[in-house]
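Reader: I am new to this structure and would like to learn how to read its features. Please take them one at a time.

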Amino acid sequence: PIIVIYFGIMILFHYFSTILRSPGVALPTVSSLATEGKSCHTKENQSDGGISNVINDSKIDVHAETSLTITKNSSIEKSQEWNSIDGRGGCCFLEPKLDIAAERRLVAMHNEIGQINCNEKEEGSNDDSNSSCWYYPSPQPSFCDKCQIMRPPRCHHCSRCNRCVLQMDHHCIWMNNCIGYNNYRTFVLTIAYLVAGCWYGVALLFPSFWSIMQDQIRTHGFKFLYENKTGMLDLPPPWVMWEQIRTNGSMDPDVVIKMVLLFLCGIGSLLTGFLWNHLGYITSGKTTLEQSVWRSIHRSLQCQGADTLGKVATNSAYFKMKTPPINLFDQGWYANLEQTFGKNIFALFLPISVSPPAPYITNPNKKYS
């Protein structure tokens with residue numbers, strides 16, 4: 001019972017930590033809001049037609065400033081709203097709280113990555129220094145057309161919750177939240193403890209299950225279909241189980257053991273594969289999104305390289321197809337694990353909140369070949 005309670009506490013703790021913690025969001029700045037407000041006001045003036053020609057220029061400027069101030073205030077207030085209905089974390093009556101100052105600090109840390117001077121190889125270049133390499137994931141910042149902001153490297157826009165998430169992994173409907181830099185650790189630990197709990201349950205039930213199956217085979221022989229015609233487990237149909245509950249107030253214990261063990265095996269197998277994939281992404285220094293995008297890029301480069309093979313030897317697609325990209329965020333499998341879970345191994349087994357390590361910034365002077 002103590003182990004079962006421990007697994008339950010750890011699963012619930014990491015689950016609620018994942019849904020209530022911000023993944024790390026690049027919030028719109030005042031300048032981006034101002035640009036958005038001015039563009040909206042310009043469109044309004046163009047739609048006014050001849051009326052705008054009568055208004056004095058100074059009055060237009062006053063009106064623009066007023067409209068811009070309203071736009072700023074409304075946009076800022078809107079960016080502060082975190083609602084579980086919008087898929088931005090939380091559930092039911094539990095709503096996540098947004099700490100704007102903390103979000104700004106996370107963005108500032110990730111912006112330091114973008115200060116690395118990494119240039120991709122130019123066509124026809126034979127330089128063997130950093131310029132002869134290409135990088136994925138890109139260490140350069142990018143501009144989000146939807147949020148109208150410059151975002152740090154590895155920051156992506158989530159179309160589900162409409163925000164730019166730092167080191168975005170994916171949007172999880174089961175967590176009702178984006179999984180990113182700030183809550184990826186708790187997400188993976190939730191899966192890990194679910195996997196451990198499922199297989200622990202299988203280990204507890206297997207002796208009884210094995211005894212039941214031995215008695216069944218001893219009595220009826222080994223068959224793929226028994227009396228109920230539902231397979232080797234010989235589970236009764238749903239309406240028969242429902243009738244047993246109505247009549248006796250309970251189900252046959254043997255049937256319960258078979259069903260629960262089958263359920264735990266199925267969920268445990270599914271989550272084990274899921275966890276294995278995420279551990280693979282972590283040890284390779286990529287996120288789920290980056291790995292998915294890389295597969296698409298690789299297929300595209302293969303197609304482009306095949307079309308240009310033997311025609312243009314210095315073609316960029318041909319070069320990238322023949323030259324594997326350098327992952328500046330890959331520190332080696334063990335260091336990558338520490339980057340996600342932290343260096344304190346004992347913290348993995350305790351229900352305590354741990355902030356993720358600072359984003360890894362590679363040495364910009366290192367030469368690659």
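Reader: How many residues in the lining of the second largest pocket are nonpolar, polar and charged?

Author: Ala, Val, Leu, Ile, Met, Phe, Trp, Tyr, Cys and Pro count as nonpolar, Asp, Glu, Lys and Arg as charged, and the others, Gly among them, as polar. Here the lining divides into 11 nonpolar residues, two polar and no charged. This is a predicted model, where local features need pLDDT of at least 70 and side-chain atom pairs count only at pLDDT 80 or more, while totals for chains, interfaces and linings use all residues. Residues are numbered from 1 along each chain as its sequence is written, and side-chain values use heavy atoms, with hydrogens and water left out.

Reader: What is the volume of the second largest pocket, and which residues are closest to its centre?

Author: Rolling a probe the size of a water molecule over the atoms shows where empty space is left. A pocket is an open set of points on a 1 Å grid over the protein atoms alone, where a 1.4 Å probe fits, with protein on both sides within 12 Å along at least five of seven lines; lining residues have an atom within 4 Å of a point. Grid points are joined across faces, edges and corners, and the volume is the space filled by probe spheres set on the points. The second largest pocket holds about 360 Å³. Of its 13 lining residues, C172, W174, L194, L271 and F274 are closest to the centre. The elements giving two or more residues to this lining are β6 (170–172), α6 (184–220) and α8. Helices (H or I, at least four residues) and strands (E, at least two) are DSSP runs, numbered from the N terminus.

Reader: Is N176 buried or exposed, and what is its phi?

Author: Most residues other than glycine have a negative phi, and most peptide bonds are trans. N176 has a positive phi of about 55° and sits in the loop between β6 and β7 (177–179). Buried means under 20% relative accessible area, exposed over 50%, partly exposed in between (1.4 Å probe, protein chains only). N176 is buried because its relative accessible area is 18%. Q148 also has a positive phi, near 60°, but counts as partly exposed at 29%.

Reader: Which peptide bond is cis?

Author: The bond from Y136 to P137 is cis, with omega near 0°. P137 lies in the loop between α5 (100–111) and β2 (142–144).
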